[in-house]
Amino acid sequence: MKRGKEGGVNLLSEDVLQNILSRLPALSYASAACVSSSWCRVAAAGLSRPKIASAISLNPSCEDAVKEVVDSVLSRPIRPHFAYAACFGEFSDLELTQKLITKKLGSATPVVTSFTRGTIDSDAIREEFMEVNRNFDFEDCDYLDDFDLTTIRDQGIVLIVGFVPGLKVDAIPLLRESEEPYILLIDKFVMDIRDYSAAVSGCTSPTGIVMFVGTGADMEHVLDEMDYAMSTETAILCGRIGYFMYRSGDDSRNISGSLKYYAEAVALVFARDNEKPQGVGETQFHVALSTGLEPVGPTHKAVSVKLVFNISECSTWLNASKEGINEVLDGHRILNDIYDEMDNGNASRRLFIGVTKQIKCSIGPEKVRWVTALEFYVVQGGNEKGLRIKGSGIKEGDPFRFYRSDYDSVLSSCNRAFEELRNLKQVCGGIVFSCYSRSDPTFSGRSGVDISPFLENFPGVPLSVMRCGRGGLISSGLIGRDNMRAAANRQEGLEECSPRCSCLRYCATLFLVVSYTL
């Protein structure tokens with residue numbers, strides 16, 4: 001008996017044992033950790049770094065598709081801390097999808113389920129990259145040949161599961177009252193996030209916030225309030241995904257079936273765990289923006305502003321003056337001057353204005369503070385009456401600049417994102433939220449250019465891409481806080497020289513990169 005106890009696997013070194021255990025699927029890995037204290041120690045060491053696992057299935061059966069993606073993401077050791085599932089095509093049974101995934105991963109794992117306009121991910125069966133986009137037809141593209149990318153148009157599901165040691169995660173909803181006047185409970189939402197973060201970390205600002213927004217919510221004011229309430233070090237990104245469902249690990253936050261409240265958005269909140277085991281390092285979130293927009297021309301100031309309403313939309317008519325010049329210009333003069341600064345090819349592209357705003361924010365009884373925000377609007381045209389802008393919210397005296405969207409703009413913003421990401425070390429995975437229009441190669445020049453900053457900096461690192469929005473150039477609704485650029489600005493003493501972030505980006509891509517340091 002003594003020789004038996006000392007022989008066999010007990011003679012293996014911890015490195016060899018770790019190598020063996022790392023090949024086990026997640027459930028078997030968890031079971032192996034229960035064999036002995038030494039195995040538990042080795043298993044814990046093997047799950048000391050963050051992991052993001054994802055898979056896509058085109059199986060038309062909801063039950064079979066969920067089984068395929070869950071089996072794929074759990075085929076290697078991982079402890080699910082959160083999950084996001086996105087359905088596409090005719091695959092529309094969100095309730096069943098949510099129920100099946102929750103059953104597989106456990107009710108303590110926060111899960112968000114939604115629709116998506118498209119995705120790039122690894123096939124659960126063939127284990128090769130494929131791209132799914134609706135309405136756009138793609139030709140073969142050699143840009144991503146190394147990734148064995150297959151472009152298809154079908155139905156199915158993509159599942160992302162994350163493990164973030166040293167952090168606690170939960171899903172916190174943004175509620176509105178179900179009855180008129182349909183009040184959006186922004187203060188409660190922000191306070192719920194701060195209270196959760198404070199409870200697990202002792203700090204009211206979490207490490208990161210990833211928000212999923214329904215079709216009707218106006219998130220600009222919500223993000224302004226979050227800018228006010230959260231430290232600049234908190235990574236924030238938000239994508240409009242349409243109809244969604246969620247399940248929180250805290251059952252008191254689950255309102256499914258409630259007649260009093262409706263969830264307009266839900267946030268996955270990542271907060272540092274004060275009770276993390278000794279030896280666990282720091283999981284960090286980094287957000288970089290690729291806007292797809294480049295400024296053109298001088299800064300203007302709105303002089304007169306008039307709102308016009310019709311059945312389908314609201315427009316703003318404005319006249320403006322150039323910075324430092326008192327002459328008031330109408331829409332013709334403003335646009336002619338801008339087109340003079342653009343070549344003929346760019347003049348046909350859609351124009352935007354980026355308006356810098358000073359917004360008063362407060363949460364509950366807290367002191368009111370001003371927050372600087374940059375918000376983008378579509379230019380619809382101009383004549384002697386003024387410049388016509390889609391939407392409302394522009395005030396007299398607001399400064400703005402024109403922005404153009406074209407291939408050169410996309411490439412330039414991607415290059416800036418590449419430079420921001422290139423110095424990151426110990427990167428463990430990434431999730432990219434991209435406006436649906438960026439998947440159209442006629443807009444960006446070539447397929448896949450919007451994810452190149454990640455692929456080129458971190459080859460072989462797990463990546464999942466979600467297309468956001470209802471389609472078209474201006475309806476995608478991505479909002480993000482570029483905490484990497486903000487950190488660089490602070491180092492250079494430029495913190496007050498640019499908006500704090502809370503920026504609505506059209507034609508945009510948001511990169512969420514997860515890294516780890518001991």
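**Close-up 1. Serine 38 sits in helix 4 (residues 37–46).** Helices here are DSSP runs of H or I with at least four residues, strands are E runs of at least two, and both are numbered from the N terminus. This is a predicted model: local features need pLDDT of at least 70, side-chain atom pairs count only at pLDDT 80 or more, and totals for chains, interfaces and linings use all residues. Residues are numbered from 1 along each chain as its sequence is written, and side-chain values use heavy atoms, with hydrogens and water left out. Serine 38 is partly exposed, at 27% relative accessibility. (Buried means under 20% relative accessible area, exposed over 50%, partly exposed in between; 1.4 Å probe, protein chains only.) Its side chain makes a polar contact with the side chain of serine 36, at 3.1 Å. (A polar contact is a pair of N or O atoms within 3.5 Å; within protein, one must be able to donate a hydrogen and the other to accept it, and residues adjacent in sequence count only if both atoms are side-chain atoms.) Glutamate 14 is 24 residues from serine 38 in sequence, and 8.5 Å from it in space, C-alpha to C-alpha.

**Close-up 2. Asparagine 457 belongs to helix 13 (residues 452–457).** Asparagine 457 is buried, with a relative accessible area of 18%. A polar atom of its side chain lies 2.8 Å from the backbone oxygen of proline 453. Leaving aside residues up to four places away in sequence, asparagine 457 touches Phe418, Leu421, Arg422 and Ser452. (Contact means heavy atoms within 4.5 Å.)

**Close-up 3. The structure holds 0 disulfides.** (A disulfide is a pair of cysteine sulfur atoms within 2.5 Å.) Take cysteine 34: the closest cysteine sulfur is in cysteine 40, 7.3 Å away, so it is too far for a bond. Cysteine 34 is exposed, with a relative accessible area of 67%. For cysteine 62, the closest cysteine sulfur belongs to cysteine 87, and 6.7 Å is too far for a bond. Cysteine 62 is buried, at 10% relative accessible area.

**Close-up 4. The largest cavity has a volume of about 80 Å³.** (On a 1 Å grid over the protein atoms alone, a cavity is a set of points where a 1.4 Å probe fits but cannot get out; lining residues have an atom within 4 Å of a point.) Its lining has 10 nonpolar, no polar and no charged residues. Among them are Phe82, Tyr84, Ile160 and Leu512.

Conventions. 1 Å grid on protein atoms, 1.4 Å probe; cavity = no way out; pocket = protein on both sides within 12 Å on 5 of 7 lines; lining within 4 Å. Points joined across faces, edges and corners; volume = space filled by probe spheres on them. Nonpolar A, V, L, I, M, F, W, Y, C, P; charged D, E, K, R; others polar.
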